[in-house]
There are 2 protein chains.
Amino acid sequence: MQDTLTLTFSALADPTRRAILAQLARGEATVKNLAKPFAISAPAITKHLKVLENARLISRSRDAQFRPCRIEPAALREIATWVDDYRQIWEQRFDQLDAYLKLQMQSKSRTQKKSETKKKGSKNGGEK
Amino acid sequence: MQDTLTLTFSALADPTRRAILAQLARGEATVKNLAKPFAISAPAITKHLKVLENARLISRSRDAQFRPCRIEPAALREIATWVDDYRQIWEQRFDQLDAYLKLQMQSKSRTQKKSETKKKGSKNGGEK
DNA sequence: GGAGTATTTAACTTGACGGTTAATTAACCC
DNA sequence: GGGTTAATTAACCGTCAAGTTAAATACTCC
C-alpha cells in the first residue's frame with residue numbers, strides 16, 4: 001500500500017475523478033447518476049470511486065440498492081496543508097534567490113569581462 | 001497535452017518526485033546530486049525532472065556541463081488555490097450535511113417505525 | 001584533439017491504470 | 001418466486017509511466 005499523500009495526489013490527478021468530485025460537491029449522488037455526464041460505463045465509475053474512497057476523499061453508504069457517495073473533507077485538508085507548507089517554503093526560497101540574483105547582477109556589472117570565458121555566458125544568458 | 005491541473009497533480013503523485021522537490025526546497029541542485037539519495041539511475045532522475053519541468057514545478061538552467069534545477073512557485077500556487085477552493089466548498093457542504101443529519105435524527109426519533117421499510121426517499125431528500 | 005564528467009536519448013521491460021463487456025450480487029417491487 | 005434496476009466483480013485489452021542499460025551529446029580541462 002502507499003502513503004496517503006501519494007494516494008491523494010494520484011486520486012486527484014485524473015480529470016474524470018476531479019469531475020466526479022465537482023459533481024459531489026453539489027451533493028450526494030449515486031453511481032448511475034455520476035456516470036450520466038461522463039459517457040463512460042458504470043464499472044469504470046465504480047473503479048474511480050474506489051480510488052477516491054481509498055484516498056479517503058469520499059465515503060459511501062448504502063440506501064436500498066443504491067450506494068450514495070459523499071465528500072470527505074479530511075483528506076483534502078491534509079493536501080491543503082502539504083501544499084501550503086511547501087508553497088511557503090518555496091516563495092521564501094524564491095525571494096532569497098531573487099535577492100541573490102539581484103546581488104549577482106550588481107557585482108557582475110562591476111566585474112563584467114572576467115566572467116566572459118569562464119562562464120559559457122551566451123547560452124546561460126538567454127534563459128527563456 | 002493535458003490540462004495543467006492534471007499535469008501538476010500527476011507530478012506530485014510520485015514520492016520520488018516529491019522527495020526531489022523537498023531536496024530542491026533547500027536550494028538548487030544538479031542531477032547527479034539529486035540522484036545520490038535515491039538509489040535510482042541518473043536517466044530515471046532526468047525523466048522525473050522532465051515531468052516536474054513539464055508541470056512547471058521546476059525550471060532549469062545551464063552551468064557548464066551541469067544543469068541545475070530550481071523550484072518554480074507559480075504552479076504550486078495554482079494547486080493551492082484549487083485545493084483551497086474545493087476545501088472551502090467541501091467543509092461548507094459537510095456542515096450542511098451535518099446539520100441535515102441532525103435534523104433527520106430528530107424527526108426519525110419522532111417517526112421511527114414508519115421509515116423502516118420505505119425510506120428510499122431520503123436519498124433525494126437532502127438535495128439542494 | 002583527447003580524456004573525463006554530467007546529462008540526455010534510445011530501446012526495451014514491466015507493471016499499473018483506465019477502459020471495455022459479460023456475468024454476478026444485492027436490493028426493490030409485484 | 002420472478003422480474004427489474006443498481007452496482008460490483010471478473011476477465012481482458014491497450015496505453016503509458018517508471019525503471020533499466022547502453023550509447024550519444026555537451027561541456028571542461030589539459
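Me: What rotation superposes chain A on chain B?

Reply: A rotation of 180° with 0.0 Å of shift along its axis does so, with an RMSD of 0.1 Å, the superposition being by least squares on the C-alpha atoms of residues with pLDDT of at least 70 in both copies. That is the relation of a two-fold axis, and the same surface serves both copies, since 86% of the contact residues of chain A recur in chain B. Bear in mind that this is a predicted model, in which local features need pLDDT of at least 70 and side-chain atom pairs count only at pLDDT 80 or more, while totals for chains, interfaces and linings use all residues. Residues are numbered from 1 along each chain as its sequence is written, and chains are lettered from A and ligands numbered from 1 in the order in which they are written.

Me: How many residues of chain A are in contact with chain B?

Reply: 37 residues of chain A are in contact with 37 residues of chain B, where contact requires C-beta atoms, placed from the backbone, to lie within 7 Å. Helix 5 (73–110) is among the elements of chain A that each supply at least two residues to this side, and the largest share, 15 residues, comes from helix 5 of chain A; helices (H or I, at least four residues) and strands (E, at least two) are DSSP runs numbered from the N terminus.

Me: And which residues come nearest to DNA strand C?

Reply: Of the 22 residues around DNA strand C, A:Ser41, B:Thr30, B:Lys32, B:Pro43 and B:Thr46 come nearest, a residue being near if its C-beta atom, placed from the backbone, lies within 6 Å of the strand. Helix 4 of chain A gives the largest share of that surface, five residues.

Me: Switching topic, what is the phi of A:Ala39?

Reply: Phi of A:Ala39 is near 55°, a positive value in a residue other than glycine, and A:Ala39 is found in the loop between helix 3 (31–35) and helix 4 of chain A.

Me: Where is B:Ala64, then?

Reply: B:Ala64 lies in the loop between strand 1 (58–60) and strand 2 (69–71) of chain B, has a positive phi near 60°, and counts as exposed, with 9 C-beta neighbours inside 10 Å.

Conventions
Contact = placed C-beta atoms within 7 Å. Buried ≥ 20, exposed ≤ 12 C-beta atoms within 10 Å, placed from the backbone.
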